[in-house]
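Hi there,

Here is the structure I promised to pass on to you. Have a look at it first, and then read on for what turned up when I went through it.

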Amino acid sequence: MLQGNLERARVNADRRPDPVAPHPFKGRWSRRQWAHASVLTTIGVLLAAIVPGFSSVLDTHGGRQLQKMTLQLTLPKLSRSASKITDDHWQTVTLKPGQTLSGVFEELGIPYDQLARVMQHPKIKPTLRKLRPGTELSFNLPADGSVRAMRLEPGPGIGELPIELEFDGDALRERAVPVEITTRTVVLTGEVGKSLFASARKLGLGTAQLNQLTDEMFKYDIDFDSDLSENDRFSVVVDQTWKNGVLVHTGPVLAATFTVDGKLKSAFRFMRDGKPEYFTPDGRSLKRPFIRMPIPYARLTSGFGGRNHPILGRFRMHKGVDYAAATGTPIQAAGDARVAFVGRQGGYGNVVILDHGGGKTTLYGHMSRFAKIRVGQRIAQGTVIGYVGSTGLATGPHLHYEFRVNGVHMNPLKMTLPPPAPLSGADLVAFKNETHRALEKIHEVEDVVFQLDDGSRVASAAPAAKAKGKAAGKRSRG
């Protein structure tokens, strides 16, 4: 068997292998080969385009870590002003009694060297001596702990405009604060209430405007001590000046109305011959040759005529009127005049006599002291000539006021003298033009307060809603 196997192996070894079949390519591809190549190429292009777009998907779902490249780009630096916008932080401090600027810096943690620079600044140095309790200081303190700017807010000793200093490294420079100034014509209206002065102040009127109402506009027509009731209304037109949203000035009263005992009284300001004067809407002057009461806010205690003298104890003629007031209350000249006498006269005590021309004189007695006037001096109506006292025969501080015509005593409360000439011609035209704005404003208020649904106008102390109710009640009862 073994020999047979060896014999067969030798025979097989002597055989040559069958030749490999030659490749059918004869120098060009067949149509089938081109089709296969085209399909494979298309698949390769699609894979090259699609696979990168799935990199994020593969990272998330397949857990594959792809290689990323980071490029460094040079970006423009933010300007100083632009960077401030993001981290400005203003903090305001109000000075307390006894508190100093150094104490404020210490409280806010601002370095001492910054304080030293502020105190040497030529604009701030003189102002620091005027700082007082209530002054507001604002500081721009960004989050990095530095101080960027300091501002002194408007107020007493500072002025009407803020002062701002900007810290820039070792430099300290003043920065102009933008100022927006606006002027508005406004109508302030309200009820008299228990006190006209308290009500007017709540509306924003100051002493100057109150004096114009009582001592210039309506002093001839309204006794502010006795004529007004709590429900009476008043309206005032003024120009107000605002700086950066803060009221800094209220101008003189341009127009005003009072509703007194159901009657509407109006006054409008106009400059005639270079002096302010007040007129009715049709141009008639509200000024009178003589003031009804030459002492403001006083109380009539004794009228004109016969009476028992409080000191002498016998009946005698009282040739004037008495107004009780506190010692030192100013006394005004009743009209334009020349000073005829200043001194002491028996029971009158300290007395002033004024000559108004045309045989008319006025006498003011029991003064505590005189104002700076002299005999022969020309003074205008309303000029202060002295102050209330109790010199002479007087039981207490008051003004004794007399009015004489050619030496004959007249009752001052019943004197009726012709008013100044009304406006006419060019003055009247100018008055109408100048008061047009105030008229429009006052009418807006009057339309609310005094006009009913049917278009009729009423001079009522009640607001429009109350007036409408009254009118409806009358119509229903009729």
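A quick definition before the surface figure: accessible areas here come from the Shrake-Rupley method with a 1.4 Å probe. On that basis the protein exposes about 29200 Å², and carbon and sulfur atoms supply 54% of that area. Please keep in mind that this is a predicted model.

**The overall picture**

The protein has 478 residues, of which 36% count as buried. Its secondary structure comprises 11 helices and 23 strands. If you look at contacts between residues at least 6 apart in sequence, 59% of them join residues at least 24 apart.

**The α5 and α6 pair**

How do α5 and α6 pack, in terms of angle and axis separation? The angle is about 150°, and the axes are 10 Å apart. An angle over 145 degrees counts as roughly antiparallel, and α5 and α6 are therefore roughly antiparallel to each other. Their crossing is right-handed. At the contact, L101, S102 and F105 of α5 meet Q114, L115 and V118 of α6.

Taking α5 by itself, the buried residues are L101, V104, F105 and L108. Viewed down the axis of α5, these fall within an arc of 100°, so they line one face of the helix. The face turned away from that buried side carries E106 and E107, both exposed. What do the buried residues of α5 pack against? Their partners are β1 (90–94), α6, α7 (125–128), β2 (136–140) and β3. Just after α5 comes G109, with a positive phi of about 75°.

Helix α6 spans residues 112–119, and its buried residues are Q114, L115 and V118. Down the axis of α6, the buried residues again sit within an arc of 100°, so they too line one face of their helix. The cover over them includes α5 (101–108), β3 (149–152), β4 (163–168) and β5 (171–175).

Most residues other than glycine have a negative phi. Here are two that go the other way.

- D273 is not a glycine, yet its phi is positive, at about 55°. You will find D273 in the loop between β10 (263–272) and β11 (275–279).
- H366 is also a residue other than glycine, and its phi is near 70°. H366 lies in strand β19, which covers residues 360–370.

Is each of them buried or exposed? D273 has 74% relative accessibility and counts as exposed, since the cut-off for that is over 50%. H366 has a relative accessible area of 5% and is buried, the cut-off there being under 20%.

L213 belongs to helix α9 (residues 207–217). With a relative accessible area of 0%, L213 is buried. Leaving out residues up to four places away in sequence, L213 touches L205, F218, K219, F224, V236, V253, A256 and F258. One of these, A256, is 43 residues from L213 along the chain, and the C-alpha atoms of the two are separated by 7.8 Å.

T185 is in strand β6 (residues 181–191). T185 counts as buried, at 14% relative accessibility. Which residue lies 69 residues from T185 along the chain, with its C-alpha 9.3 Å away? That residue is L254.

R299 is found in strand β12 (residues 299–302). R299 touches D225, D322, Y323 and A324, again not counting residues up to four places away in sequence. From R299 to A325 there are 26 residues in sequence, and the C-alpha to C-alpha distance is 6.9 Å.

Conventions:
Residues are numbered from 1 along each chain as its sequence is written. This is a predicted model: local features need pLDDT of at least 70, side-chain atom pairs count only at pLDDT 80 or more; totals for chains, interfaces and linings use all residues. Side-chain values use heavy atoms; hydrogens and water are left out. Helices (H or I, at least four residues) and strands (E, at least two) are DSSP runs, numbered from the N terminus. Buried means under 20% relative accessible area, exposed over 50%, partly exposed in between (1.4 Å probe, protein chains only). Contact means heavy atoms within 4.5 Å. The arc is that of the directions from the helix axis to the C-beta atoms. Axes are lines fitted to C-alpha atoms, for helices over the stretch in contact, and angles run from 0 to 180 degrees between N-to-C directions. Angles under 35 degrees count as roughly parallel, over 145 as roughly antiparallel, 65 to 115 as roughly perpendicular and the rest as oblique. A crossing is left-handed if the near helix is turned anticlockwise from the far one by less than a right angle, and right-handed if clockwise.
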